[in-house]
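Reader: I would like a close look at a single part of this model. Please keep the answer plain.

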Amino acid sequence: MTLSLKNASKTYPDGTRALLPSNIEIETGEIVSLLGPSGCGKTTLLRIIAGLETPDDGTEVWFDKDNVTQLPVEKRKVGMVFQSYALFPNMSVSTNIAYGLKMQKRPRAEIEQRVEEVLTLCRLNPLANRAITALSGGQRQRVALARAFAPRPRLLLLDEPLSALDAALRDSLRDELSDLLRRLGITAIFVTHDQNEAMAIADRVAVMSEGRIEQIGSPEDLYRNAGSPFVAAFVGNAMCLGKVVQGNTLRLTGGELSLPDDAGGRGVYVRAEDVCIAEDGPLIGKVESVTFLGTHYRVGLSGVTDSTLYSLHSGLSAPRHGDEVKLRIAPEALMLLAEDKTYL
Ligand code: ATP
């Protein structure tokens with residue numbers, strides 16, 4: 001199913017403009033993540049698509065060729081999975097999965113077959129007769145997914161479905177979910193504030209800020225071609241080096257850098273993996289923190305810019321606290337980004 005939102009906006013009765021007029025088109029089978037900090041309007045956008053929120057006048061929600069803007073939630077036939085599992089605790093796994101199908105008054109044989117199907121799909125067969133209260137958090141979230149898949153919805157909406165789980169479980173369920181959605185070819189929208197989760201699951205990520213979609217693109221595209229400082233900082237934690245540029249040279253406290261292009265008033269940004277500790281580097285900084293992260297060290301450096309600059313260092317050993325080190329940043333790793341939002 002294709003989903004198309006035209007001019008979608010929401011103003012709450014107290015005047016909060018949770019969503020400013022936004023457009024988005026999602027293809028059949030596409031998985032799109034809505035990514036952004038708390039309060040940026042992700043849930044509001046999702047609830048408008050589901051039919052749980054009345055949007056402002058002028059909003060249009062299209063499912064394929066149907067304008068569903070006025071259609072109530074139960075008629076939209078959308079699957080939903082939330083952070084809180086919203087399962088019936090005393091019922092068994094199977095009964096929970098069958099619940100939606102029973103409400104739709106499907107024939108008994110069909111219900112049994114569908115339940116069996118999703119139990120297998122979500123690898124829940126051994127737990128079919130267990131009560132929800134006797135399951136772990138990860139298992140409960142799997143049941144919630146299975147229940148959403150059972151009616152074969154044309155669109156699946158997921159609101160932070162993994163955030164209540166611990167880190168290891170979150171990663172494995174994330175990969176499973178991504179695989180399942182693709183195998184079933186379900187069009188899905190996945191809300192998260194975790195950039196890694198968004199990038200791992202989605203075909204395209206819509207980065208939201210203050211009620212607006214700032215940029216939408218493939219994970220690679222957003223990472224490599226961030227269109228604004230907000231997107232660069234939110235996706236991949238880009239750091240601002242500075243703005244004081246003369247021609248193609250950026251002057252910093254710790255030295256000078258050549259830019260690939262005339263910055264023309266734009267800010268210069270870089271990611272920690274592109275800040276290299278190198279003996280022949282043109283910048284000088286002082287090590288103020290060293291954190292060992294397994295595959296690499298994260299080194300905090302003072303004296304290069306006005307704030308701490310971080311470098312990801314993948315050697316077998318790292319410099320020590322207080323050392324003075326030289327740094328190199330390849331010109332092509334520098335991002336020149338305008339503060340204003342004229343690119344929209
Ligand atoms: P989170 O990640 O914290 O869930 P979010 O990006 O999903 O945040 P929304 O829940 O969509 O954000 O909220 C967007 C804005 O609308 C916020 O400023 C929020 O305070 C506000 N808001 C949400 N619901 C209401 C409401 N019923 N009345 C007034 N304001 C609301």
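How many residues does helix α5 have, and how far does helix α5 reach from its first C-alpha to its last?

Author: The model is predicted. In it, helix α5 covers residues 167–184, which is 18 residues. From its first C-alpha to its last, α5 reaches 26 Å. That is close to the span expected at 1.5 Å a residue, which is 26 Å.

Next, the residues that α5 buries. They are Leu 173, Arg 174, Glu 176, Leu 177, Ser 178, Leu 180 and Leu 181. The list includes leucines such as Leu 173 and Leu 177, but Arg 174, Glu 176 and Ser 178 are buried as well. "Buried" here stands for under 20% relative accessible area.

What do these residues pack against? Among the partners of the buried residues of α5 are the strands β3 (31–35), β7 (155–159) and β8 (187–192). The helices α3 (108–121), α4 (137–149) and α6 (195–201) are partners too. The buried residues of α5 therefore have heavy atoms within 4.5 Å of these elements, as that is what contact means.

Last, the end of the helix. α5 is followed by Gly 185. The phi of Gly 185 is positive, near 65°.

Conventions:
Residues are numbered from 1 along each chain as its sequence is written. This is a predicted model: local features need pLDDT of at least 70, side-chain atom pairs count only at pLDDT 80 or more; totals for chains, interfaces and linings use all residues. Side-chain values use heavy atoms; hydrogens and water are left out. Helices (H or I, at least four residues) and strands (E, at least two) are DSSP runs, numbered from the N terminus. The expected span of a helix is 1.5 Å times one less than its number of residues. Buried means under 20% relative accessible area, exposed over 50%, partly exposed in between (1.4 Å probe, protein chains only).
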